[in-house]
Amino acid sequence: MKGKIKNLLWVGLLAAALFTAVTLISCKPKEAAKEAKVPEAPKFKIGLAFDVGGRGDKSFNDSAYAGIVHLAKDFKGYIAGDPDKVDFGKEIELKYLEPKSGGQDREQLLRIMAEDGYNLVIGVGFMYSDALGKVAKDFPNVHFGIIDGWLPDLNENSNITCLGFTEHEGSFLVGAIAGLKNKKLGGKLGFIGGMDMPLIHKFQAGFYAGAMYVDPKMREKGMLLGQYCGKDGSAFNDPKTGESIAINMYKQGATIIYHAAGGSGNGLFKAAKDMDKIAIGVDSDQGYGYATGDNEEEKAMAKHILTSMLKRVDNAVYLTGKEMIDNGKVVGGYTTFNLKVDGVGYAQNEFNKDKLADVKAEVDKLKEKIISGEIAVPDNDSQLPDWMAKTF
């Protein structure tokens, strides 16, 4: 009897031990699962909807892209789906979407990011104005920014911020550079615009005014040439038309041509290279961008780019994103980036600094005069006659 009891005790103990072992084994995955950290969601999500031409235009869109790269670097973020795999951490998610060639899906791009929970969505270009106004009404908890756009009746409580620039001030500086350089060359100066609209006439007015200010010859009729690539948004992505206009202007005696034509400006640079002339870029430092790329044709073009009018879309994107990250919101209404805050300017880099050395001091003095208000730059070429009468 005692033997039976002893055997039963051993069986019981063995069963208990096996049950405990099985329980521990079965619990380990659950405990491990509990201990495994669930990836934290990004603190903020910031998106860009590019304009036609998209990433790689070496101008307007690429400047905006530089802004989100800067945000990623400073705030431990990453750019989702970026072929360059920009990744400095997972605290901030950044993203960009590109429109179809005709730009007909602009509204859809904004909606995609708003529906995906992005805190701030920025439309790059005035062509987003109508679409952004509609989408912003449907997503009151998302803040929207628009580069160069204008929507009426906004205030600081609006969920839209229009981000504008004093393009005429920056254009005045490159106009002065062209005028000073042209004194030795003795030719005409040219301007190529993209879409014929008030915004691009700001560039033209500033460029003409800067040239006139430093060179009295430029005040004479016929010395300043100007032409636009078209009447709609496609005018910013038409290099062949840009090239054709540039060739014609160079043949008319232009020594230097400045463009405010987006991707169409590539045609100007090609013409400058082929005809051994001088060009001035816009928005980003196009001379540097072309000189440091992998395309040999573009590297050859870079040698003919004297400078570029910097329109700091990158700063506008960065500062607006920083405001969202720092404060959890962005003040609505209207923000202007001017010469005083380096919202505009002119490009100087390792490739062109020697070319600008003889004019830099004078141009920088003009910059200070504009900032102080001593020089008032016209923001439309229709104002030039009155401006000349008051100035000279």
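Author: Start with the cover over helix α4 (residues 129-138) in this predicted model. What covers its buried residues includes α3 (106-115), β4 (120-124), β5 and β6.

Reader: Which residues of α4 are called buried?

Author: Ser129, Ala131, Leu132, Gly133, Val135 and Ala136. Buried means under 20% relative accessible area, so each of these falls below that cut-off.

Reader: What makes strand β6 largely enclosed?

Author: β6 spans residues 160-165, and six of the six are buried, so the rest of the structure largely encloses the strand.

Reader: How do you know which faces of β6 are covered?

Author: Side chains in a regular strand alternate between the two faces of the sheet. On one side of β6, Ile160, Cys162 and Gly164 are buried. On the other, Thr161, Leu163 and Phe165 are buried. Both faces are covered.

Reader: Why are β5 and β6 called paired?

Author: Pairing needs at least two bridges. Strand β5 (residues 143-147) has four to β6, so the two pair. They run parallel. Gly145 has Thr161 as its bridge partner in β6.

Reader: What is the pLDDT of the chain?

Author: It averages 91, and 90% of the residues score at least 70. Where pLDDT is low, predicted coordinates should not be read in detail.

Key: Residues numbered from 1 in each chain as written. Predicted model: local features only at pLDDT ≥ 70, side-chain atom pairs only at ≥ 80, totals over all residues. Heavy atoms only, no water. Buried < 20%, exposed > 50% of the residue type's maximum accessible area, 1.4 Å probe, protein only. Contact = heavy atoms within 4.5 Å. pLDDT = per-residue confidence, 0-100.
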